[in-house]
Every structure is written in C-alpha cells, then in structure tokens.
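Q: Could we go through this structure together? Please begin with the aromatic rings.

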Amino acid sequence: MTDISAIVNEVGVLKQRLDLAQLSYRDSNLKSRREIVILKRLITRLAVACRGIDNELDTSLQAISLDLEQPLEISRLIPRLSIVERLVIQQADVIQLQNKRLQHHISQRGRTLSHYQGLPQSLQRDLRGIFNQPSTTLLDNHQRILRLLELYERSIKLIAANNNGTTLSADQQPSFEVELAAELLLVISEIDFTNEQGEQLFVIREQLTQGVNQTRLQTLLLQVLRLIVAGTHAERHASQQFLNTLNSDLASLQKNTAKAASSFAVLHQHRCDFNTSIATIATTINQQLSLKKTPAATPLLVNLANELQQLAQRNSQLELREQALIEQLNHNDNKVHQVQQQTHSYHQRLSQQEQNIFRDKLTLTYNRSAFDDRLKHEYQRWLRYQTPLLLMLIDIDDLSQLNQDYGHNAGDKALKIIAKTISQQLNPTDFIARFNDDAFMLIITDCNDQQRHQTIKNIRAAVSQLPLHFKGQSVAMSVSISSSFFANNDTPKQVIERAETALLHAQHPRCNIIIDQI
Ligand SMILES: Nc1nc2c(ncn2[C@@H]2O[C@H](COP(=O)(O)OP(=O)(O)OP(=O)(O)O)[C@@H](O)[C@H]2O)c(=O)[nH]1
C-alpha cells in the first residue's frame, strides 16, 4: 500500500505540474501576442517613414503588414533584432552627416545673397534669421531652398533695376515677374508638407495663381523660404522622433522576445520532466500489477493507469501546441528577417542619397562640398609626395546676360552643356566641380606646365565651338580661365584665392583670358 500511496501522491504532483505547465503556456502565449502588436506597430511606422522613398520598399512593407495579420509568435530573433537596431542607428548617423553638408551648402548661398549690395536692411535681417537657424535636415528640400534663393536674388535684381529706372523695358518687366511667379508656384507644388507649413504654402499658392505685384512677390518668396525651413525642421523633428520610437520599440521587442524565449524553455523543461515522471509511474504500476501481491489494490491501480493515460493525452495536446508554437516562431523569424532586409535596403538608399549630395543637380559635376573633400585629400598627398597639384578655375562669361536675354532655362542649358564639354576635355583622373554659380573648378594632379596650357587651350576651343541655339538664334559662349599650381608653403585657401583674384582682374574690363599664375 505504501507503494500505491506514493504513486497516488506522485500522480497528484504530476497533475499540479501539468496545471503549471498549462498556465506557463498561456502566459507565454499572451506575451507573444503583445510582441506581435509591437511588431505590427513597428512595421507600420517604418512604412510611414519610408513612404515615397522607394516603390519596392513601400510594397514590401505593405505585404509584411498584411502577413502580420496572420497568427504569429516571436522568439529566437534577438541577433537579428540587434542588427536591425544597429542599422537604424547608422541611418540616424548618415542623416546627421548629410545635414551638416547641406547646411554648409545652403548657408554659403545665403551668405552670398545677404551681402548683396543695396539689399534693404530689413530683408538682410530676415535672411540672416533664416540662415542662423540651428543645423537641420534640409535633406529633400535643400535644392528647393537653393532655387528659392536664386529666385529671390533675381527678384532683388528686378527691384534694383526698377529703382534705377533703367535696365528693363516696360514690356519686359511684367513677363519677368510672371516668370518668377511661375517658378515660385512650381517650387511650392513640389513640396509635400502635411503639417501646418503645408497649409500656409497652400494659401500662398492660391495668391500666386491670382497674380501678385513685384513687392508682394518678393515678400511671398521670403515667406516660402521661411516656411520650407520651418517645415523641414518640423519633419526632421518628426523623423527623429520616429527613429527614437523605433529604437525603443526594437529594444522592447528584444526584451520581450528574450522573456518569451526563456518562458518557452521553461515550458519545454516542464514537459520533459513530466514525461519522465509519467514513464516512471507507469513502470511502477506495471511492476505492482505483475507482482500480484496486492490484489485488493488492483482496481485502484487500474484507475491510476487510466488517469495516467489521460495525463499522457493532455501531455500530447501540450506537445501539439508546442509544435504550433515552434512553427509560429519560424514564421516570425522569417518576418523579422524581411524587416531586416528592408531596413538594409533603406540604409543603402540613404547611402545613395549621400552620394547624390556630392553632385551638383544641374550639371551633374561634383559640388562644392565634394570639391572641398577632394582638395583636402589631394593637398595631403601633395604635402607628402610633392607631385604637381594644379587648380584651374573656369568661369562662364556673361551668364547673367544670357539669362536676361533668353531666360533662365537657356542659362541652365548653357551651364549643363558647358560642364559636359569641359569634362570631355579632361583626363579620367582630373576632378571637376561646380565651384559657384557660373564657375567650375578643376583639380588636376601630375600635370606639367605644357599639359596645363594644352588643357586650357582645348577647353576654350571646345566651348567656343559649341553650337548653342536659343530662340532661333545661334549664341556664342566663352569661358575665362585662371590656374595655379601649389608651390612652397601654399595652403588650399591661398591657392583658391590666387586663382579667384587672377580671374577677377582678368574679367574686368574683359574676360576670356588665360592667366597662369604661380
Ligand atoms: N540659368 C542659371 N543661371 C544661374 C545659375 N546659377 C547662377 N546663375 C546666374 O549666373 C549669373 C552669375 O552672375 P555673374 O557672377 O555676374 O557672372 P556673369 O554674368 O557670367 O558675368 P562674368 O562672370 O563677369 O562674365 C547670375 O545672374 C545668376 O543668377 C543656374 O543654375 N542657372
């Protein structure tokens, strides 16, 4: 009987364990449902943040969101989640780097503009206000800001010309205004702010379509400029918040997943122990029955055997649920893997954007930031190896006149064609960047004086032979070029200044002169 009471006790203990195992299963199931909610939220946020960046990314994120509507569980994802988290942090770093460069570019343009002679003091103050804002992500909007600055510059010239009462004829002026207003409308229509600034831009758009005078146009230009900067600040703030939330979501997902994984391990251990116990009891009962020493206890033993069988069945159900859990975990594993890949491609796209910010959008040559970087690098090389290093400054003659006579689009076209023509005269190792409005700078390494002369000659000849036609007229273009080798204790700043000063002197009274200055 002692054996039997022991068995009864053990069966009781086993029942308790089974109940515990079921509780623990329910608990871990609840936790994993919570994780799925977090994962869904995360994917939705990612989809909102990446919307419009890439069609494929949009579609895939949408597909994942739909898939997540299926029943899921989460675990074993910790390493992948760590990678996703790292990528998100990297993206934040990339954005910061882009900010710095764009801000630099924009403040350069702003500075040039605010030094424009004759600009009313109040306008100068307004402009300074805009450009003294803290560094921010003007990522997608920096080109628009530059275009606005350009429009603004042109409108100032228009007013200045008006004040002098000379430059523009009466029938020229309204068309010039209309052209400026149309360009401003175009800039606004490209902006997609969903915030307060977006609404204000909409109002300005309405005003522009109804027609505005010159002074109002200039006020609106400045307002649009301010709104874009403010709107970009707001968007930047929102995307920063998104990244922060994404990070904390990932961290919480990771934590919960770790908990779920450990609950799952405990559950599994329970079941193993349970199986062993059942096997042991079954053996004991069989032994008792085979001994036939306790016939009175036989019905009790049979009952116990039945109970054991029931326990074994419940255990099998538990096993099935575990199996389902494992399948869900695998499914989820795939989902997180997809998220990781999407985040990775988002990251690659940001890297691509980073590449793009080194290019001048109009001429596709490198821009000033890229030039600064490259020159720094070549200067270090020159310091070290003292191999020849040459800067060549090429300024397009009379671009403003061309703009005035044939319109800004003609000026754009000339800039593009001349940039391409210059590039065609260069060696693969030469570097060309748009240095400012109508000037390009070349960095040429390992070149002697004779090659320098030849390059200048080739560029001038190629540009002067360009077949440019605007409004049915053939227009001849030319460039002024100065160049200077690095020598003695030169710094990049000194060589650039030397080339700029030489060019300035050569252009007045007239340009198209080669200046070889060492
Ligand atoms: N079309 C067009 N014009 C531009 C662009 N960037 C700057 N400009 C214009 O280029 C002109 C440069 O003016 P200036 O520096 O006086 O140069 P310029 O008229 O070529 O005179 P010189 O260089 O002295 O021969 C300005 O009128 C700008 O508006 C651009 O991207 N496209």
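Q: How many aromatic pairs does the count come to?
A: The count comes to 6 aromatic pairs. Rings of Phe, Tyr and Trp (its six-membered ring) pair if their centres lie within 6.5 Å, and planes under 30 degrees apart are called stacked, those over 60 edge-to-face and the rest tilted. This is a predicted model, in which local features need pLDDT of at least 70 and side-chain atom pairs count only at pLDDT 80 or more, while totals for chains, interfaces and linings use all residues. Residues are numbered from 1 along each chain as its sequence is written, and side-chain values use heavy atoms, with hydrogens and water left out.

Q: Which kind of pair do Y366 and F431 form?
A: Y366 and F431 are stacked, at 4.6 Å centre to centre with 15 degrees between the planes.

Q: Where do those two sit in the chain?
A: Y366 is in the loop between α9 (298-356) and α10 (368-385), whereas F431 is in strand β2 (residues 431-436). The pair links distant parts of the chain, 65 residues apart. Helices (H or I, at least four residues) and strands (E, at least two) are DSSP runs numbered from the N terminus.

Q: Is Y366 buried, exposed or partly exposed, and what about F431?
A: Y366 is partly exposed, at 28% relative accessibility. F431 has a relative accessible area of 4% and is buried. Buried means under 20% relative accessible area, exposed over 50% and partly exposed in between (1.4 Å probe, protein chains only).

Q: And F371 with F435, stacked or edge-to-face?
A: The planes of F371 and F435 are at 85 degrees and the ring centres 5.5 Å apart, so the pair is edge-to-face. Because F371 lies in helix α10 and F435 in strand β2, the pair ties together parts 64 residues apart in sequence. F371 is buried at 0% relative accessibility, and F435 is buried at 4%.

Q: Which residues form an aromatic cluster?
A: Y379, W382 and F486 form one aromatic cluster.

Q: Back to Y366: what lies over its face?
A: R359 does, at 4.0 Å from the ring centre. The criterion is that NZ of Lys or CZ of Arg is within 6 Å of the ring centre and within 35 degrees of the ring normal.

Q: New topic: how do α11 and α12 pack?
A: Helix α11 (residues 399-406) and helix α12 (residues 408-424) pack at about 135 degrees, with axes 6 Å apart. That makes α11 oblique to α12; angles under 35 degrees count as roughly parallel, over 145 as roughly antiparallel, 65 to 115 as roughly perpendicular and the rest as oblique. Axes are lines fitted to C-alpha atoms, for helices over the stretch in contact, and angles run from 0 to 180 degrees between N-to-C directions.

Q: Which residues make the contact?
A: From α11 they are L399, L402, N403 and Y406, and from α12 they are H408, A410, G411, A414 and L415. Contact means heavy atoms within 4.5 Å.

Q: Finally, how many helices and strands does the chain have?
A: The chain has 14 helices and 7 strands. Of its 518 residues, 45% count as buried.
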